[in-house]
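Good morning. I will take a few minutes to go through one protein chain, and I will keep to what can be read from the model.

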Amino acid sequence: MYKRQALTLAIEIFKGEYSEKPFLHQLISGQLDMDRLDYLMRDSFYTGVSEGIVGVDRIIHMLNVKDGDLVVEEKGIYSVEKFLVARRLMYWQVYLHKTVIAADALLVSILQRAREMAKQGHALGSYHPLMHFLFKDVNLEDFTQEDLDLFVQLDDIDIMSAIKEWQFHEDGILSEMSKRLLRRHLPKIKVQLTPVDFGLEQLMRAQAAAVFGVEDEQILNYFVHVGVLKNDAYKSDGGGIRIMKKDGSLVDVAEASDNYNLASLKDTV
């Protein structure tokens with residue numbers, strides 16, 4: 001009984017439905033949640049990008065609760081400012097870096113092609129968690145315990161081992177894309193502020209068709225991608241980050257800051 005109650009409570013907190021202590025949800029899913037503090041420091045360390053280093057201990061020490069909501073004491077405002085700037089910089093330098101975007105697009109294409117091959121009945125390698133989800137349509141109506149157990153086991157090792165095997169696959173498209181990812185022959189990428197011109201996109205598709213010897217429009221979708229990149233460093237909607245002043249009043253961090261550039265971080269780029 002206790003375990004069921006604890007699980008129910010945890011689910012309510014994660015979904016933001018635990019009204020008695022809303023700050024618990026804000027700690028795990030908010031503009032200043034623990035996950036963001038953790039991954040900024042972690043990714044900064046592993047990538048060597050120093051811009052992600054923030055004063056985590058200082059921020060945590062300055063956290064407080066006001067009327068059930070998570071707030072930051074006024075003395076911690078500069079640490080929060082640095083956190084928001086670090087988040088914006090880390091997105092441009094790491095998460096939305098052109099090489100990362102190119103590799104991500106290629107990886108998605110590989111999995112989409114593998115999924116298509118699975119639907120056509122092609123063999124894709126030895127059975128492991130990834131194969132289960134490539135060959136089976138998983139939905140809520142027939143979700144099984146096996147689906148859950150295998151999903152928990154699925155990780156990047158399964159993905160990379162499969163791609164190493166697929167580089168020798170009989171399907172030329174899957175084989176070519178797998179080789180390109182493994183050898184870091186990534187797609188060229190261009191980022192611009194204006195939407196991609198339709199004529200330019202068609203030109204890129206024509207060039208891809210010539211390089212890879214294909215004309216099928218569906219197959220060209222594996223090689224040519226057009227999309228939108230968004231950098232949302234800070235969103236004040238839904239509460240944002242509130243600074244508690246010495247008199248107990250609350251104000252949004254962008255309004256409380258004397259850093260005029262901070263307000264611009266609320267804009268989506």
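This is a predicted model: local features need pLDDT of at least 70, side-chain atom pairs count only at pLDDT 80 or more; totals for chains, interfaces and linings use all residues.

The protein chain has 13 helices and four strands. Taken along the principal axes, the C-alpha atoms fill a box of roughly 70 × 55 × 30 Å. The radius of gyration is 23 Å, whereas a compact globule of 269 residues would have one near 18 Å. Of the 269 residues, 35% are buried. The accessible surface of the chain is about 16800 Å², and carbon and sulfur atoms account for 55% of that. There is also the matter of contacts. If we take those between residues at least 6 apart in sequence, 61% join residues at least 24 apart.

Now the strands. Strand 1 covers residues 63–66 and strand 2 covers residues 69–73; the two run antiparallel and are joined by four bridges. They form a hairpin with two residues between them. In that turn sits aspartate 67, which has a positive phi of about 55 degrees. Across the pair, leucine 63 has valine 72 as its bridge partner, and valine 65 stands opposite leucine 70.

How do strand 2 and strand 3 pair, parallel or antiparallel? The sense is parallel, over two bridges.

Next, charges. Side chains of opposite charge can pair when their charged atoms come close. In the whole structure, a search finds 11 salt bridges. I will pick out a few.

Arginine 205 forms one with glutamate 217, with the closest N and O atoms 2.9 Å apart. This pair links distant parts of the chain: arginine 205 is in helix 11, residues 198–212, and glutamate 217 is in helix 12, 12 residues apart. Which of the two classes, buried or partly exposed, does arginine 205 fall into? Arginine 205 counts as buried because its relative accessibility is 7%, and the cut-off for buried is under 20%. Glutamate 217, at 44%, counts as partly exposed.

Aspartate 33 and arginine 36 also meet in a salt bridge, at 3.8 Å from N to O. Both aspartate 33 and arginine 36 are buried.

Aspartate 232 and lysine 235 form another, at 4.0 Å from N to O. Here aspartate 232 is partly exposed at 27%, and lysine 235 is partly exposed at 29%. Elsewhere, salt bridges that share partners join Asp38, Arg42 and Asp43 into one network.

Last, the surface. Val196, Leu200, Leu203, Met204 and Val226 make a nonpolar surface patch of about 370 Å². Valine 226 is in the loop between helix 12 and strand 3, and its relative accessibility of 46% makes it partly exposed.

Glutamate 141 is in a loop too, between helix 7 (129–135) and helix 8 (145–153). Is glutamate 141 buried or exposed? With a relative accessible area of 71%, glutamate 141 is exposed. From glutamate 141 to valine 269 is 128 residues in sequence and 39 Å in space, C-alpha to C-alpha.

That is the end of my part.

Methods:
Residues are numbered from 1 along each chain as its sequence is written. Side-chain values use heavy atoms; hydrogens and water are left out. Two strands pair if DSSP finds at least two bridges between them. Patches are made of residues with over 30% relative accessible area and no salt bridge: like charges are joined within 9 Å, nonpolar side chains (Val, Leu, Ile, Met, Phe, Trp, Tyr) within 5 Å. Accessible areas come from the Shrake-Rupley method with a 1.4 Å probe; for residues, only the protein chains shown count as cover. A salt bridge is a side-chain nitrogen of Lys or Arg within 4 Å of a carboxyl oxygen of Asp or Glu. Buried means under 20% relative accessible area, exposed over 50%, partly exposed in between (1.4 Å probe, protein chains only). The radius of gyration is taken over C-alpha atoms; the globule rule is 2.2 Å times the number of residues to the power 0.38. Contact means heavy atoms within 4.5 Å.
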